[in-house]
Amino acid sequence: IERRLRSVKALRTESETKSFRMLLSSPSGVSSALQRMNDLGLLAQWIPEWKPLVAFFQHNIYHYYTADEHTLRVVANAEQLASAEGSFGDVFRSLPRRNTLYLACLFHDIAKPKRIGDHEVIGVEVTSAILRRLRFTDVMDDVLFLVRHHLLMEQVAFRRNLNDPKTIVDFASKFSSSSQLDYLYVLTYADLSAVNKNVWTDWKEMLLSDLYRKAHEVITQRLTEDELRAFNRKRYRESIESLAASLTSEISHDEALRHLESIGSEGYLTAFSKAEIAEHLRTIKQQGLVSTIFRNEGDHTIVTVLAKDAPFALSRFCGVLSANDANIFDANIFTRSDGMIIDKFRVSDFISKLALTSEQCQKIQQELLDVFRGALEIEDVLSRHRMKWKRRTQSKSLNVRVDVEFEEHPEYCIIDVFAPDALGFLFRITKVMSGLGLNIAFAKIATRVDGIVDSFYVLDRDGTKIDSHERRSHIRRELLMCIEEFASADLTPSQ
């Protein structure tokens with residue numbers, strides 16, 4: 001194929017595009033051939049829109065590769081799924097047309113040299129012209145959909161509550177078929193795993209797979225939001241009854257049932273195993289001021305904190321974790337009707353990117369107890385830690401986004417916070433929220449290489465939804481002020 005392509009100067013006619021179409025439909029060798037073509041300058045010659053991608057470098061620390069190299073790695077990562085085990089491999093092998101996926105991989109960032117912001121929107125127009133010229137009109141709808149929405153799945157999976165029926169139904173409504181979801185699922189993996197070596201994690205795979213599974217169920221069964229809520233309620237009731245019955249060897253049935261009903265969240269059942277829930281009940285019985293449970297999972301540590309609800313409780317949890325180099329990249333927040341907090345943090349050591357050491361765990365446990373006893377001020381803990389890191393600061397990226405956005409939800413006010421990563425940021429931002437009288441019901445923490453994207457589902461101090469424009473504006477101003485203080489400070493990135 002490569003020899004035939006060398007003789008072609010432009011992909012204009014059907015005969016000239018035939019070899020290229022054959023390549024994208026080949027069972028193997030697609031990514032290596034495209035890489036060779038790029039090295040020879042053929043891609044830029046045949047597809048003029050490709051040329052601006054060559055050697056185009058985004059000036060941030062999130063992307064290690066130039067745009068053309070990243071794109072070709074996306075194709076390679078997708079193609080490698082042909083022999084991969086697990087959900088991504090299974091879905092890849094079930095795709096009706098692989099050339100649809102490869103075209104989406106090739107052109108998902110085609111408009112970045114024009115403008116990085118909204119490149120997925122501009123990319124639709126650019127890709128449409130390319131596909132018409134290459135006579136790929138038969139896959140036009142799916143490829144353009146994938147280019148337009150190639151960021152959608154990661155945004156929902158990493159920033160939204162996947163136990164919320166509205167989130168799942170709204171996401172599923174974007175797709176005209178389950179095969180479009182299949183394509184996007186694989187494309188999202190291929191894209192994220194081709195950015196840099198630190199971006200793809202087992203946790204992200206878990207989140208994407210969870211979203212895929214739930215959305216696939218909605219699409220194939222054509223469930224409405226009300227139907228999904230009813231289904232989830234029925235499943236939740238059955239689950240807590242079954243779970244309470246299975247715990248009777250350690251906990252009475254009534255006690256276990258009261259505990260599960262007082263939390264009232266399906267997310268609690270998915271966040272914790274039966275053994276962990278039994279441990280929660282035993283720990284709560286001991287009536288300690290604050291209790292901490294640690295469990296290592298591969299390269300990260302699950303830290304579960306149990307305490308009576310109190311002002312600034314979440315921010316104090318985050319502060320102690322930060323002061324011990326525990327980088328938070330996910331949080332699940334649960335509160336029983338009697339005010340007992342059960343918060344789960346997924347963390348890793350900031351330096352090693354591995355699970356916490358036993359020494360770190362012991363220090364976190366002791367400092368949480370000291371802080372809640374009043375024997376230690378969290379500000380003092382963070383101040384000492386800041387001094388330790390002062391010699392190791394690094395330059396800040398000029399392209400880190402700083403913003404606060406609100407998204408509508410029938411029950412909560414969703415606040416998305418974009419900021420540079422900094423020592424104790426999560427502590428500071430949750431402290432400001434508590435000071436504003438906000439009750440955080442759910443949080444999704446996403447620390448990227450180039451900054452923070454944290455999402456909070458909040459209610460006002462009286463448990464009502466925040467609809468007032470004036471109230472939202474005030475919240476936004478206060479949060480931005482907090483972010484700007486961090487953006488101007490010379491601090492080493494750490495949650």
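In this predicted model, begin by selecting helix H7, residues 98-107, together with helix H12, residues 178-192, which pack at an angle of about 45 degrees with their axes 10 Å apart. If you look at how the two helices pass, the crossing of H7 over H12 is right-handed. To display the contact itself, show Thr 100, Leu 101, Ala 104 and Cys 105 on the H7 side, and Tyr 183, Val 186 and Leu 187 on the H12 side. Coloured by residue class, this contact of H7 with H12 divides into six nonpolar residues and one polar residue, with no charged ones.

Next, turn to the backbone torsions. Most residues other than glycine have a negative phi. Select Arg 135, which is not a glycine and yet has a positive phi of about 60 degrees; you will find Arg 135 in the loop between helix H8 (119-133) and helix H9 (140-148). Is Arg 135 exposed, partly exposed or buried? Its relative accessibility is 38%, so Arg 135 counts as partly exposed.

Finally, move along to the loop between helix H13 (202-221) and helix H14 (225-246), where Arg 222 is located. Arg 222, although not a glycine, has a positive phi of about 55 degrees. Because its relative accessibility is 73%, Arg 222 counts as exposed.

Technical notes:
Residues are numbered from 1 along each chain as its sequence is written. This is a predicted model: local features need pLDDT of at least 70, side-chain atom pairs count only at pLDDT 80 or more; totals for chains, interfaces and linings use all residues. Side-chain values use heavy atoms; hydrogens and water are left out. Axes are lines fitted to C-alpha atoms, for helices over the stretch in contact, and angles run from 0 to 180 degrees between N-to-C directions. Helices (H or I, at least four residues) and strands (E, at least two) are DSSP runs, numbered from the N terminus. A crossing is left-handed if the near helix is turned anticlockwise from the far one by less than a right angle, and right-handed if clockwise. Contact means heavy atoms within 4.5 Å. Ala, Val, Leu, Ile, Met, Phe, Trp, Tyr, Cys and Pro count as nonpolar, Asp, Glu, Lys and Arg as charged, and the others, Gly among them, as polar. Buried means under 20% relative accessible area, exposed over 50%, partly exposed in between (1.4 Å probe, protein chains only).
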